[in-house]
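Hello,

Here is the structure we spoke about. Please open it first and keep it beside this message while you read the notes below.

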Amino acid sequence: MSEMLLELRGISASYGAIQAVSKVSLQVPRGGIVALLGSNGAGKSSTLNTISHLVDPTHGEVIFDGKAIHRLPSDDIVQLGLVQVPEGREVFKDMSVTENLELGAYLRRNRREMAEDFDKVYAMFPRLKERRDQRASTLSGGEQQMLAIGRALMSRPRMIMFDEPSMGLSPLLVEQIFESIQRLNREQGLTILLVEQDVRLALTVASHAYILENGEISLEGPSSQLINDPAVRKAYLGV
Ligand code: ATP
């Protein structure tokens, strides 16, 4: 069994003439937290969308748990245990909290397991339990983010890819969301790939990070090393 749960080998992807991702190789170890960083338009979301096969790669391979997944339909990738919490949350606004969570479990059949998962999600986010019959559109930004994470958990993933979970949230909520992400890793052993604009925060949570510039990996290394790297400090940490 490889130490790596997810591996990208020379992945490229484009939208027509726009090359969004160029020969990206990265590795996420089992049980690890890895960050994918970079400024606006660097290709972070496109990389995640290629892993989830919402976007077709033009070159390269995506290996999850030793299996090539880049030609599999997105549903099959979810079923293998790899899910994405998309940018901007994208919860179903006209549906209730419960209905949104049920949708996260749509590939599952076992009712008893599903009930257990509801309990787990509600234990992690009691706020969602209080609001379980409320329409998602009436939730605050932070609560919608909790719901998006809860929905991902309902598929019993082994690995979650987060796309900018801090976006649009107040500092207190960002702290809570990141606390939940770390707990999922620590207590449930979930492997995490974290796309984040807040580079300082991401480097404190992740053990290893990759930096994307114009679709290419420009720098990678242990977070402790990157946080002290003069180029990273100047470009991303404002010091
Ligand atoms: P942000 O932090 O702003 O979300 P990002 O690093 O996630 O940025 P991407 O969203 O992956 O970057 O975008 C990479 C490039 O691909 C950008 O130049 C963007 O304009 C382009 N792009 C992204 N999605 C599409 C699309 N559906 N059609 C055409 N071009 C796209």
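Which residue of β4 does Arg9 stand opposite? Arg9 faces Glu61 there. Helices (H or I, at least four residues) and strands (E, at least two) are DSSP runs, numbered from the N terminus.

Two remarks on the source come before the rest. This is a predicted model, in which local features need pLDDT of at least 70 and side-chain atom pairs count only at pLDDT 80 or more, while totals for chains, interfaces and linings use all residues. Residues are numbered from 1 along each chain as its sequence is written, and side-chain values use heavy atoms, with hydrogens and water left out.

The sheet

Four strands make an open sheet in the order β2-β1-β4-β5, with antiparallel pairing; two strands pair if DSSP finds at least two bridges between them. Because β2 and β5 (67-68) stand at the edges with a single partner strand each, one side of each has no neighbour in the sheet. In general, strands of a sheet pair through backbone hydrogen bonds, either parallel or antiparallel.

Five bridges link β1 (residues 4-15) with β4 (residues 59-64), in the antiparallel sense. The helix α1 packs on the sheet and touches β1, β2 and β4, where contact means heavy atoms within 4.5 Å. The direction of α1 makes about 115 degrees with that of β1; axes are lines fitted to C-alpha atoms, for helices over the stretch in contact, and angles run from 0 to 180 degrees between N-to-C directions.

β1 and β2 run antiparallel and are joined by eight bridges. Tyr15 has Ile18 in β2 as its bridge partner. These two strands, β1 and β2, form a hairpin with two residues between them, and Gly16 in the turn has a positive phi of about 55 degrees.

The ligand

The ligand is surrounded by 14 residues, and the closest are Gly41, Gly43, Lys44, Ser45 and Ser46; a residue counts if one of its heavy atoms lies within 4 Å. Both β2 (18-29) and α1 (44-51) supply at least two residues of this shell, and α1 gives the most, with three residues.

Polar contacts are pairs of N or O atoms within 3.5 Å. An N or O atom in the side chain of Ser46 is 2.5 Å from an oxygen atom of the ligand. A polar side-chain atom of Lys44 lies 2.8 Å from a ligand oxygen atom, and a polar backbone atom of Ser45 is 2.8 Å from an oxygen atom of the ligand.

Regards

Definitions and conventions:
Polar contact = N/O pair within 3.5 Å; in protein donor to acceptor, adjacent residues only side chain to side chain.
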